[in-house]
Amino acid sequence: MNFWFAVFRQAGRNLRQTWPSQCMTLLTVSLSVLIFAFFFLVYTNMLGVGDKLGDDLRLIVYLEEEPGPELQEQLRRKILAFDEVEDIRFISRLQAYERFAAQLGDDSDVLADMPQDFLPASIEVVPLKNLRSLTQLKLFSEYLAKLPGTLKVQYGQDWIERFYYFIRLLSIVVFLSGGLLILTSVFMVSYTIRLTILARQAELELLKLVGATNNYIKTPFLMEGFLQGVLGSTLGLAALYVLFQWIRSNFSGPGFLAMFEFTFFKPPFLIAIIAISILLCTIGSYTSMQKFLRT
Amino acid sequence: MVEMIKVSKIYPPQVRALVDVSLTINNGEMFFLTGASGAGKTTLLKLLCNMEVPTNGLVEVAGKDIQKLRGRALAKMRQKIGVAYQDFKLLLDRTAAENIAISMEVSYKKSAYIKKRVKNLLERLSLADKHDAITGELSRGEQQRVALARAVANSPPLILVDEPTGNLDAVTTEGVMTLLNACKNSGATVVIATHDESIFRDTTHRVMELRSGRLHLVREGAAL
Ligand SMILES: Nc1ncnc2c1ncn2[C@@H]1O[C@H](COP(=O)(O)OP(=O)(O)O)[C@@H](O)[C@H]1O
Ligand SMILES: [Mg+2]
């Protein structure tokens, strides 16, 4: 226990001596956590939006004629040759008619005069819900249109494709801001710790001479890094939460955005971000400390 | 407590500070090391506390080859050696009390004990009113006593003192010697390097002189 008392006393002295640069570092760490978490939050929410949009996303291939079982099998193989898919459904003329009637509901009597085979048979292809598949819908539809016996391919929602391109772009931004987070926390923390070490060089040398163990010298600095990580990430995430609430309360009226429910990070994810920041900052201070103790 | 066998120290490029020094200092002995300025006194003390490594020979403290100690073992050993450096090595922006406390803090003494001990030492060295004075603003004589207080504060079994009376008047010198004698009487081994004959003239302790790096016996001490 005495050890920790000594460590806290030492860390307190460090803070008193270099608090301006400590504050700068804290600010930098929280900013980079904020930036990273912001983009990540947008990204995860957009994925959620995409999921919703994609739920009834399918490519409909209209066929010239009703395919027999053998032709169905051939077509299925051809489709799978392009890409794996979630599902392939063959809709016969009759099924199409029944569906349409069901959709019309009470108004279905308008169909009374129509022949039951006035709608073409079709194949419904449900693409896999991953980014790779979703960003090549256009290619896929072109491929399907070239299959023998197809009338035309409908997916009409080519903005979905653009949407997924946007998500892909976003994932790159998330990556970059994650890199930024790593760089700033490790380097800024190791830089401020180095400043502290320089400011207190005489004392640290003396501590060695009077028999302070390496742990006695090291731990306060590691704790500083640890604290930078805890405070920096918590501040950054708190700022993001405030921003999130602000956006939600200001843009939640009727409109496009209101269709979707935006969510904040789940607690395990928050804890993960904090833990990673702590780790990075501690690594930063550790590297500085090692450099000092080696000389 | 201290064992030196054929120890030489050559500073680069060719300064022979110590030549073939062999010396045994017993547990609980008070030992005076004298010699002109530049004779190698400080160097000898530095070898004992592992601030310098010998070019040749063996240096043992408390039965351990001090050169072979690393990390934690070295730190523990240094906690057991109190050194009052010739250049003091005080933290000039801290108070006198904080400087003295450091040697006890690193071995995790209770803060109540540290407070009491610091007060007591300052009183014995006639520095009672300097408890909260910034060390950098003290006179050299006062700084010297603060450095001494730090060396003995943790009650180390081995105390090395380099020119303890250089900047002191007769009365304060007396106070310093009384403190060091008290340390000796409570069992510590005390090694004092000095060129000031007056502090050992009237004692019965062993005195040896360094002359250009070689050790010569001046006076055998009274049997322990
Ligand atoms: N770090 C050093 N580098 C080179 N020469 C040194 C160093 N320290 C001491 N010396 C030389 O070693 C000799 C002994 O010095 P020192 O042990 O300080 O003597 P004393 O303490 O008896 O005055 C002197 O000639 C001094 O110039
Ligand atoms: Mg000297």
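**Salt bridges, burial and a metal site**

Mentor: Let us begin with B:Glu142 and B:Lys130, whose side chains meet in a salt bridge with N and O 3.8 Å apart. Please keep in mind that this is a predicted model.

Trainee: Why is the pair B:Glu142 and B:Lys130 called a salt bridge?

Mentor: The term requires a side-chain nitrogen of Lys or Arg within 4 Å of a carboxyl oxygen of Asp or Glu. The N to O distance for B:Lys130 and B:Glu142 is 3.8 Å, so the pair meets the cut-off. The pair links distant parts of the chain, twelve residues apart: B:Glu142 lies in helix α5 of chain B, and B:Lys130 in the loop between α4 and α5.

Trainee: What makes B:Glu142 buried or exposed?

Mentor: Buried means under 20% relative accessible area. B:Glu142 has 17%, and therefore counts as buried. B:Lys130, at 22%, counts as partly exposed, because that class lies between 20% and 50%.

Trainee: How do you know that A:Arg99 and A:Glu124 form a salt bridge?

Mentor: Their side chains meet at 2.6 Å, N to O, and the cut-off is 4 Å. A:Arg99 belongs to helix α3 of chain A and A:Glu124 to strand β3, 25 residues apart. A:Glu124 is buried, at 3%, whereas A:Arg99 is partly exposed, at 39%.

Trainee: What joins A:Asp87, A:Arg89, A:Arg99 and A:Glu124 into one network?

Mentor: These four residues are joined by salt bridges that share partners.

Trainee: Why are A:Arg76 and A:Glu73 separated by about one helical turn?

Mentor: The reason is that they stand three residues apart in helix α2 of chain A.

Trainee: What makes B:Thr42 and B:Gln86 ligands of the magnesium ion?

Mentor: A donor must be an N, O or S atom within 2.8 Å of this metal. OG1 of B:Thr42 and OE1 of B:Gln86 lie at 1.9 to 2.2 Å, so both qualify. B:Thr42 is in helix α1 of chain B and B:Gln86 in the loop between β6 and α3, 44 residues apart. Both are partly exposed: B:Thr42 at 22% and B:Gln86 at 39%.

Methods:
Residues numbered from 1 in each chain as written. Chains lettered and ligands numbered in written order. Predicted model: local features only at pLDDT ≥ 70, side-chain atom pairs only at ≥ 80, totals over all residues. Heavy atoms only, no water. Donors = N, O, S within 2.8 Å, 3.2 Å for Na, K, Ca; no water. Helix = DSSP H or I, 4+ residues; strand = E, 2+ residues; numbered from the N terminus. Buried < 20%, exposed > 50% of the residue type's maximum accessible area, 1.4 Å probe, protein only.
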